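Me: I would like to learn how to read a few features of a structure. Please take me through them one at a time.

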Amino acid sequence: MTTPCEKAAILVEALPYIRDFYGRTVVVKYGGSAMADCRLRKAVMEDIVLMRYVGMHPIVVHGGGPNITRMLKRLGISTRFVDGLRITDEETMEVVEMVLVGKINKDIVAGLNDMGGLAVGLSGKDGMLIRADHMSGKEHLGFVGQVREINTGVLETITEKGYIPVISPIGAGNHGQSFNINADHVASALATALKADKLVLLTDVPGILAVPDDVSSRISRLRASEVESYIDCGIISGGMIPKVECCVEALQGGVNRTHILDGRIPHSILLEIFTDEGIGSMVVNG
Ligand SMILES: Nc1ncnc2c1ncn2[C@@H]1O[C@H](COP(=O)(O)OP(=O)(O)OP(=O)(O)O)[C@@H](O)[C@H]1O
Ligand SMILES: [Mg+2]
């Protein structure tokens, strides 16, 4: 049992970190693969609400790959990936939007509200937050999109009033068309547009692994200049590719720090922000 005095000491230990991050924007991308366990989800929700109450501005972007795949299966729609991107025809796009905006987004909003935060769910269509186009060179994959422009207006209005925005990675195309965008890309574009201090990508692995499947091979710091060679030699593959690319993009866009953390470790966000524990992988300039 922690004594009251020990509790006070722990809180005071966090003071320098709280002071440093007061008023700063932190974009947290919550990956679909790390969302399955509800006890761990609760810990993620607690971390985000705590960040808000100590004066930070957390912005949540979520994925949802596994849930989309499950729903497509239930509906008898087959799904295929090319280079980690889901082939998204019109019918698939409809399901992607329904699952992300209607289900996952609102589950996260409700989870944050339960913890005493006030969250507001948005898709990229709300307030024209995310304008999107077909991903260049990938038109054959259907409605796979890329961010064309971020309109931060709606987010500024919401965060000023103390709400926590929760964003589904759906882009608004012309004439009401929806685009399916990788949530990592949305998170880095938002972090850049909002001049965020930090980008945190929560996923279902301990970080970037030098030997796939060997959890003891975590790379704690990866330099941006090393990323390409890691991808070329196949060490970084699949869903990890957009993550590291997005960290590099965010760093180039002026974001100070980018992290890939294990969303399955309880309170990994707090460990990263409020302690000197070196958890996950950090992608750094250089
Ligand atoms: N070098 C690597 N180190 C760690 N994971 C890797 C590596 N290369 C590939 N991966 C894969 O990347 C996956 C994480 O990306 P994935 O897209 O599956 O999850 P996510 O982005 O967290 O969720 P979502 O796509 O639903 O938002 C890991 O589960 C792992 O299989
Ligand atoms: Mg992914």
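Me: With which side chain does the side chain of lysine 29 make a polar contact?

Reply: First, the ground rules. This is a predicted model, where local features need pLDDT of at least 70, side-chain atom pairs count only at pLDDT 80 or more, and totals for chains, interfaces and linings use all residues. Residues are numbered from 1 along each chain as its sequence is written, chains are lettered from A and ligands numbered from 1 in the order in which they are written, and side-chain values use heavy atoms, with hydrogens and water left out. A polar contact is a pair of N or O atoms within 3.5 Å; within protein, one must be able to donate a hydrogen and the other to accept it, and residues adjacent in sequence count only if both atoms are side-chain atoms. Here the partner is the side chain of aspartate 184, at 2.9 Å.

Me: Is lysine 29 buried or exposed?

Reply: Buried means under 20% relative accessible area, exposed over 50%, partly exposed in between (1.4 Å probe, protein chains only). Lysine 29 is buried, at 6%. Its place is in strand β1 (residues 25-30). Helices (H or I, at least four residues) and strands (E, at least two) are DSSP runs, numbered from the N terminus.

Me: Which residues of the largest nonpolar core touch the most other members?

Reply: Nonpolar side chains tend to be buried together in soluble globular proteins. A nonpolar core is a set of buried Ala, Val, Leu, Ile, Met, Phe, Trp, Tyr and Cys residues joined through side-chain atoms within 4.5 Å. The largest one has 79 residues, and Val27, Ile108, Leu112, Leu129, Leu190 and Ile208 touch the most other members. Helix α5 (residues 90-114) gives the largest share, nine residues.

Me: Where do the buried residues of α6 lie, seen down its axis?

Reply: In helix α6 (residues 153-160), Val154, Leu155, Ile158 and Thr159 are buried. They fall within an arc of 120 degrees, so they line one face of the helix. The arc is that of the directions from the helix axis to the C-beta atoms. These residues pack against α3, β2, β5, β8 and α7; contact means heavy atoms within 4.5 Å. Glycine 162 follows α6, with a positive phi near 95 degrees.
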